[in-house]
Amino acid sequence: MTAVLTAGLTAAPTAAAAGAPTAAAAPNAAGAPTAAGAPTTSATDASWRADLSIVDADDSGVISDGGAVRLDRAAPTPASARAAVRTGFLQLAPHRLATPANTVAAAVKSTVPAGAEVAVDVRGALGDDQWTEWVEARPDAPAVLPATTDTVQVRLALTAERQTPEVRELTLTAATTESFSTEAAGLSYRIFATREGLVGGTTANGHVIKERDHFVALPSRRGLSANNAGTYSVRVCASNGRCEWAPVWDVGPWNTKDDYWNPPATREMWKDLPQGKPEAQAAYQDGYNGGKDQFGRTVANPAGIDLADGTFWDGLKLTDNAWVTVTYQWTGSGPAGYVRTAGDPLNVRSGATSTATQVGLAANYAMVRVECQVTGQSVTGSQGTSNIWYRVAAGKYVAKAYVSGVSGATTC
């Protein structure tokens, strides 16, 4: 059938001086406009038509033909979800608005066969390479970004088992309504974590899983980063005191529309559950939804996060699935930066020197929230030479020489 939708949118580590490889290329800041994806500008009014003809490196599982975008028959299924639902994303270039706004309406012309889905997600730039969470546009109610912004980015999400949904046209209109302030501290919950494994599989964002990889999966695309980006990252801490900062690169476990970290009013599904409680946990512990996930499968554990093998074994030193404390980095505000190494994770130290005890890891591309900075050992890394170290949690430090984009950090 042909659908026209109109909606509002809300939008083991290598030894080195700092405990990370010394040779490193410095990619563009995760989520920031690049030379190939610089913000377009709406010079005359608040409406614009999206260019659907370009599929590039931050897209996955879609193809463009004659200005229309459709789900590729070879599109990956999210590895963590272990569900045979092909998923594709077209992430458009950031769009600079003529006037700051906090709502965006979307009109979509698409062909959506029965059993398939086409969704429009949007996010707003917050400055310092930080963005609001991706939130889906809904035909039945407008949604609002949590802050007024002059730059927005739109993402098409196409899903199906065997069908081929297609989007032919997407028109967007920005406006301003009552604004809301973002939270000062990131949301944090105690969540059951499982090891994803699945080496050689493909994640929802198109990343091919390698041995001892460093990323996580959450059961909602609202917090999904593009491949080789860390705009949406988490801090995961185990009961042994170790933590890893890792990007969200997959969707799962169990569910794919369970943004349980959000309040019930904005949670995509399972709105009657308390904030911070994954549906899988409620199903497993309380028999919620008949003990089943959104696909009708009997839930065998209460997992709300999947950890890649390197995160599980090397970052947290876990030997079995366990309860961990997860902080959703993008839900906070304040100074933040992105880890930039040649590939290996950055060592997190107990002090501002490479001889201090390693107390965790920060994966390449991951966002780290900076509490404050101290002067310590001078280190040369991908971001130059510096004796500044950032405190990213109590008793945990990383060298500035491997972290890009931090501004406004105060002295500890």
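Cys 372 is buried, at 4% relative accessibility, where buried means under 20% relative accessible area, exposed over 50% and partly exposed in between (1.4 Å probe, protein chains only). The model is predicted, so local features need pLDDT of at least 70 and side-chain atom pairs count only at pLDDT 80 or more, whereas totals for chains, interfaces and linings use all residues. Residues are numbered from 1 along each chain as its sequence is written, and side-chain values use heavy atoms, with hydrogens and water left out.

Cys 372 is joined to Cys 412 by a disulfide, S to S 1.9 Å, a disulfide being a pair of cysteine sulfur atoms within 2.5 Å. The link of Cys 372 and Cys 412 is right-handed, with 95 degrees about the S-S bond. Because Cys 372 belongs to strand β24 (residues 372-381) and Cys 412 to the segment after β27 (403-404), the pair ties together parts that are 40 residues apart in sequence. Helices (H or I, at least four residues) and strands (E, at least two) are DSSP runs, numbered from the N terminus. Cys 412 has a relative accessible area of 45% and is therefore partly exposed. The link of Cys 237 and Cys 243 is right-handed, with 110 degrees about the S-S bond, and both Cys 237 and Cys 243 are buried. With bonded cysteines counted along the chain, the disulfides follow the pattern 1-2, 3-4.

Aromatic pairs were assigned to rings of Phe, Tyr and Trp (its six-membered ring) with centres within 6.5 Å; planes under 30 degrees apart count as stacked, over 60 as edge-to-face and the rest as tilted. The count comes to eleven aromatic pairs. One of them is the stacked pair of Phe 215 and Trp 249, with 6.2 Å centre to centre and 25 degrees between the planes. Phe 215 lies in the loop between β14 (187-195) and β15 (216-218) and Trp 249 in strand β17 (residues 243-251), so this pair ties together parts that are 34 residues apart in sequence. Phe 215 and Trp 249 are both buried. Trp 249 also pairs with Tyr 365 in a tilted arrangement, 6.0 Å centre to centre and 50 degrees between the planes. Since Tyr 365 lies in the loop between β22 (358-362) and β23 (367-369), and Trp 249 in strand β17, the pair ties together parts that are 116 residues apart in sequence. The relative accessibility of Trp 249 is 4%, and Tyr 365 is buried with a relative accessible area of 16%. An aromatic cluster is formed by Tyr 189, Tyr 232, Tyr 260, Trp 261, Tyr 328 and Trp 330.

Tyr 328 also belongs to the largest nonpolar core, which has 54 residues; Val 234, Ile 305 and Tyr 328 touch the most other members. A nonpolar core is a set of buried Ala, Val, Leu, Ile, Met, Phe, Trp, Tyr and Cys residues joined through side-chain atoms within 4.5 Å. Strand β25 (residues 384-393) supplies the largest share of this core, five residues. A second, separate core of 29 residues includes Trp 48, Val 112, Val 154 and Leu 156. Neighbours within four places in sequence aside, the residues in contact with Tyr 328 include Gly 186, Leu 187, Ile 191, Leu 218 and Val 234, as well as Tyr 189, Tyr 260 and Trp 261; contact means heavy atoms within 4.5 Å.

Arg 123 lies over the face of Trp 131, at 4.4 Å from the ring centre, and Arg 155 over the face of Trp 134, at 4.3 Å.

Helix α1 (residues 279-286) has Glu 279, Ala 280, Gln 281, Ala 282 and Ala 283 as its buried residues. These are covered by elements including β18 (303-307) and β19 (322-328). In helix α2 (residues 309-315) is Asp 314, buried at 6% relative accessibility.

Conventions
Lys NZ or Arg CZ within 6 Å of the ring centre and 35° of its normal.
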